[in-house]
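Colleague: I have a few quick things to ask about this one. Can you put it on screen?

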Amino acid sequence: MTVHEPSFVGAEEPWDNCCMDTERRYRLGSEVASLSRSNSSEKYETLENLNRSFRLASSIKCCLRVSKVVAIFAIVVLSSLFFSMYPDRDNPWRMLAVSPSDSFSMNVTDFRDNALLKLQVAGPFAGRAADSASQEFVLIQVEQAEEPGQRRRRTQQVTHNWTIPLHPERSDQKVSTRTFEMLSSDPIVITIQAFLQDNDVVPLSMTHQSLYVTKETQVAIAGIILAGVYVLIIFEIVHRTLAAMLGSLAALAALAIIGDRPSLVTVVEWIDYETLALLFGMVRFTKCIKTSFMENLKVAYQLSRGRVWPMIIILCLIAAILSAFLDNVTTMMLFTPVTIRLCEVLNLDPRHVLIAEVIFTNIGGAATAVGDPPNVIIVSNQGLRREGIDFASFTGYMFLGICLVLLTSFPFLRMLYWNKKLYNKESIEIVELKHEILVWRQTAQRINPASREETAVKCLLMQKVLNLENLLHKMMKTFQRQISQEDKNWEQNIQELQKKHRITDTVLLVKCASVLGVVIFMFFLNSFVPSIHLELGWIAILGALWLLVLADVQDFEIILHRVEWATLLFFAGLFVLMEALAQLQLIDYIGEQTALLIKAVPEDQRLAVAIILVMWVSALASSLIDNIPFTATMIPVLLNLSQDADVNLPVKPLIFALAMGACLGGNGTLIGASANVVCAGIAEQHGYGFSFVEFFKLGFPMMVMTCLVAMCYLLATHIGLGWNM
């Protein structure tokens, strides 16, 4: 059994060049010496002399570690203090009703010297901009007049108009939010009037909030917090789960400072429990079905006849096809464990194969309307449906473009992996010796010596580890075996796969495969049959419950230990962080600046520039922040652009550019897509975790290349051929 230990030397660097392992061995010798110095000081005098040269470096590292902890703890304490100094926003919702003949008006007199007025209105609103000539809508006017004073001789008045379209059936209750810049602390007049085709009454509810900080300052604060989180993750200062939680706390503290602190109930509502339920439910199937899924992956190895790159291409192609019809997270939860097992038997480094698979999973998910969450948001938007963007037309256009992207992605992936050493150049003896060292070290670490006898036992165990590491050092220095890129013993490897991963419980496999088939079938029906009122999370949870009943599981603690709790907590913290950044106007600011840049372009070049700009802004933003809130924010921005008479742009090319950028941009960074985080979490549990930088070196170039191909496809079809005009 192959065991990967990150503290050991990897397959890409020789043993004698790894100073970190050398220092660790001498530090281990020093610990052995300190434990038994009272009994046999002369025995370990040599180790003490060797370790003396490393004491200064160890002291510096200890100081840096303490400084890091102190700095992060100071940030946590300050954020906690700021968060606790301000109360929750406790503004009750005011119920009202408006009609063409009856309007509503109120005065806000407690505005003080605040910078912004945040207004939230809930009602039967539609999901697109209003057309005053044909649509029913609600008009909200916010007025403020500043009286003459020392700085101003004449009265200055500011008026903001906010138009919200109404749903024709008055069924959907939606909350719309807008922030207005005010002049001073003078009273503000809010007027609401309905423009309807008949004399109906529209029920509404409204609340207002005064903020202390300007919009530009909020965006700057949000940018600093996001940059800090990325620094923590990129340089691996703390675990990415803790980094997301620290960023969430800092963002909540910033909201409290500007006067918009959310309540605990509101923060809990920000978490996307459907995604968490999907992860929690599908983990049961991946643990039970991996043996059966291994049989299918062995077919890919047989088709490649032991050649590495044909096998990787087949695996990536299967992952892309599955992710076009399944959720990307589900696809990677099925692929990751069995890919690791396959690579272990074939003596491959699983990290490179997993990164390639998750990249193509994100590419394949963009091909259909149900493959990626941004696509689901687009095809389910009522305003876009009225513009002619339905399931069939969206899937047809995206599928053709993604096929072109896939054709160019495979040779580019081969170029990126040209100098990568996919094989682990280690013999079976070295792998087994590493495993033995790992077992001895873990046994020694579990002993907390409370007596002289226990101290002696721990000393002996650690001396055993030291001796084995010296032996491993000698074996690695003399090991010169080279492995070619073509495995000539592929038939023997197939037999080894069948021996190590044969089906041991056929009854459980049949039960699991049956329930998984029903769950996947329900995933498909959920996208096409509107009468099924179950989200993906509910389907996964119910499927896991069915499997637990059929499998007659008695020990639930083992099942709970197999759940990737760190990944679930990371997603929860990330959801809170992204929603808090949205409350700090970061996403709205990106959308507004994109619209302003498009309007500044001459009309004859506006469509081409708009496609390029929306495409790359979406890709870069989706690689840094969650693409779900970004897509939901950009849709109304693009609809407003298309309906602006001064801009004169069709909406379909802009929406397709948004979909391409939001889906393909997930390959830019490790946290750019949910599938990336899930794959990294499962791989880390198996001992093959890859860092942010390792993923970035491969994922970001692939994102740039795929976005270039998608941009050419968009320009050729919309500008050259005139599609969707």
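Colleague: Which residues does N627 touch, not counting residues up to four places away in sequence?

Modeller: N627 touches P374, S622 and A662. Touching here is a contact, meaning heavy atoms within 4.5 Å. This is a predicted model, where local features need pLDDT of at least 70, side-chain atom pairs count only at pLDDT 80 or more, and totals for chains, interfaces and linings use all residues. Residues are numbered from 1 along each chain as its sequence is written, and side-chain values use heavy atoms, with hydrogens and water left out.

Colleague: What does the side chain of N627 have to do with A662?

Modeller: A polar atom of the N627 side chain lies 3.3 Å from the backbone oxygen of A662.

Colleague: Is N627 buried or exposed?

Modeller: N627 counts as buried because its relative accessibility is 8%. Buried means under 20% relative accessible area, exposed over 50%, and partly exposed in between, using a 1.4 Å probe and protein chains only.

Colleague: And where is N627 found?

Modeller: In helix α23, residues 627-642. Helices here are DSSP runs of H or I with at least four residues, strands are runs of E with at least two, and both are numbered from the N terminus.

Colleague: What is the phi of Q585?

Modeller: Near 70 degrees, again a positive value in a residue other than glycine. Q585 sits in the loop between α20 (565-583) and α21 (586-599). With a relative accessible area of 7%, Q585 is buried.

Colleague: How confident was the predictor overall?

Modeller: The protein averages a pLDDT of 79, and 79% of the residues score at least 70. pLDDT is the predictor's confidence in each residue, from 0 to 100.

Colleague: Where is the pLDDT below 50?

Modeller: One stretch is residues 129-133, which has eight contacts in the model beyond near neighbours in sequence. Another is residues 480-488, with 19 contacts counted that way.

Colleague: What should I do with the coordinates where pLDDT is low?

Modeller: Where pLDDT is low, the predicted coordinates should not be read in detail.

Definitions and conventions: A polar contact is a pair of N or O atoms within 3.5 Å; within protein, one must be able to donate a hydrogen and the other to accept it, and residues adjacent in sequence count only if both atoms are side-chain atoms.
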